[in-house]
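Please read the report below with the sequence and the model open beside it.

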Amino acid sequence: MSWRAAIAAAAACGSLAICALAAGCGSSAPPDSPAQSITLYSGQHEQTTDGLVSAFEQQTGITVSVRNDDEDTLANLIALQGSRSPADVIYTENSPALEFLQEKGLLSGVDPGTLARTPASYNSPDGDWVGVSARVSVLIYNPSLISRSQLPASVMQLTDPKYRGKLALAAGETDFQPIVTSVLKTYGQAAALGWLNGVKSNAASHLVANNETITDEVNRGQAAFGVINQYYWYRLEAEVGASAMHAQIAYLAPHDPGYVIDVSGAAVLKSSKHQAAAQKFLAFLVSRQGQDIIARAAGNGQSYEYPLAAAVTTSAPETPFGQLQPNPITIADLGDGSTAVALLRQAGLL
């Protein structure tokens, strides 16, 4: 569910519910007091966030209280809480949630030195959030059910009737919204809606909740192929082992509207009472140490996301970031995802 879909329902909870969620609301503690602590709302994968938080706490002595949830849920909650939000920092998997909050005037500007650590094309166009890492959309497929040569070369071919019953889709994933926006920007609203209707028809028997489910089902042969971000494949391989990995990944044609770079980013809330400590956390995320943690995260292998800071690369056997050939859609073009959400609703996919 998008944050826009949830906002009306959540608003019915009223101010008492918001204050209950906003633990620490109205605290009289002075900003950045000696016993510093910040609250992080994280929509990133927990194992990645945990590694970053642990290292940051050890380096700075600043305690980080983490609330994990879907990024759309957290963005919606912040929009409801407004100036009463206990969050100091929000860390998301995708840029639209950050753009949504930026448009509402809820984010502080990021320190220029922090922004300078990552390419400007992957940061907020207005300097209100910083890009931390990136992923790329790919096709995951099971060769026992569909050969590489039978895969679509373009995301637009997902509507071909020959793929009916073979395609798995997680339309409710925020990862899918940038692809919808990319198709919309390339072909227009009517074509994008028609495309979504065709995709829905072909994926009707495999409409699932998230990319993890797509990856698992394709690997086990329950679906022939699906659209995911590349790192889900590498994470599952690390979890189950190479001998149990039956699925493979393939790229769409260079510059295809379905070949999209998704940017994970972070921002400081304007309402934060701990601005300096919160800015330190953002600076840590794009520091050499923070980016190395993303490149070589603990747990079942690695994060498998692409670090965005210069001179830091993942040690996984992935296609190097500089060799990817995505659709050159910009962060500004991706926007807040609201039009994509409206189209997904109109197609009955949300």
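Predicted model: local features only at pLDDT ≥ 70, side-chain atom pairs only at ≥ 80, totals over all residues.

Residues are numbered from 1 along each chain as its sequence is written, and side-chain values use heavy atoms, with hydrogens and water left out.

**The chain as a whole**

The chain has 14 helices and 9 strands, where helices (H or I, at least four residues) and strands (E, at least two) are DSSP runs numbered from the N terminus. Of the 350 residues in the chain, 55% are buried; buried means under 20% relative accessible area, exposed means over 50%, and partly exposed lies in between, with a 1.4 Å probe and protein chains only. A contact is defined by heavy atoms within 4.5 Å, and among contacts between residues at least 6 apart in sequence, 77% join residues at least 24 apart.

**The nonpolar cores**

In soluble globular proteins, nonpolar side chains tend to be buried together. A nonpolar core is here a set of buried Ala, Val, Leu, Ile, Met, Phe, Trp, Tyr and Cys residues joined through side-chain atoms within 4.5 Å. The largest nonpolar core has 77 residues, of which Ile90, Phe176, Trp195, Leu196 and Phe225 touch the most other members. Strand E4 (residues 130–141) gives the most to this core, with 6 residues. Leaving out residues up to four places away in sequence, Phe176 touches Leu169, Ala170, Ala171, Trp195, Leu196 and Leu344. A second, separate core of 25 residues includes Ile38, Val53, Ala266 and Ala278.

**Buried and exposed residues**

Asn202 has its place in helix H8 (residues 189–202), and with 0% relative accessibility Asn202 counts as buried. When its neighbours within four places in sequence are left aside, the residues in contact with Asn202 include Leu158, Asp160, Tyr163, Arg164 and Leu167.

Ser182, in helix H7 (residues 177–187), also counts as buried, at 0% relative accessibility. Which residues does Ser182 touch, not counting residues up to four places away in sequence? They are Pro257, Val260, Asn327 and Ile329. Ser182 and Val260 are 78 residues apart in sequence, and their C-alpha atoms are 7.6 Å apart in space. The side chain of Ser182 also reaches the backbone oxygen of Pro257 at 2.7 Å.

Helix H5 (residues 95–103) is mostly covered, as 8 of its 9 residues are buried, among them Pro96, Leu98, Glu99 and Phe100. After H5 comes Gly105, whose phi is positive, near 70°.

Ser149, by contrast, is exposed, with a relative accessible area of 69%, and its place is in the loop between E4 and E5.

**Aromatic pairs**

The structure holds 10 aromatic pairs. Rings of Phe, Tyr and Trp (its six-membered ring) pair if their centres lie within 6.5 Å, and planes under 30 degrees apart count as stacked, over 60 as edge-to-face and the rest as tilted. Two of the pairs are set out here.

| Pair | Centre to centre | Angle between planes | Kind |
|---|---|---|---|
| Tyr163 and Phe225 | 5.2 Å | 65° | edge-to-face |
| Tyr306 and Phe321 | 5.1 Å | 45° | tilted |

Tyr163 lies in the loop between E4 and strand E5 (167–168) and Phe225 in strand E6 (residues 225–229), so the pair ties together parts that are 62 residues apart in sequence. Both Tyr163 and Phe225 are buried. Tyr306 lies in strand E9 (residues 306–307) and Phe321 in the loop between E9 and helix H13 (331–334), so this pair ties together parts that are 15 residues apart in sequence. Tyr306 is buried, with a relative accessible area of 3%, whereas Phe321 is partly exposed, with a relative accessible area of 24%.

Notes. Polar contact = N/O pair within 3.5 Å; in protein donor to acceptor, adjacent residues only side chain to side chain.
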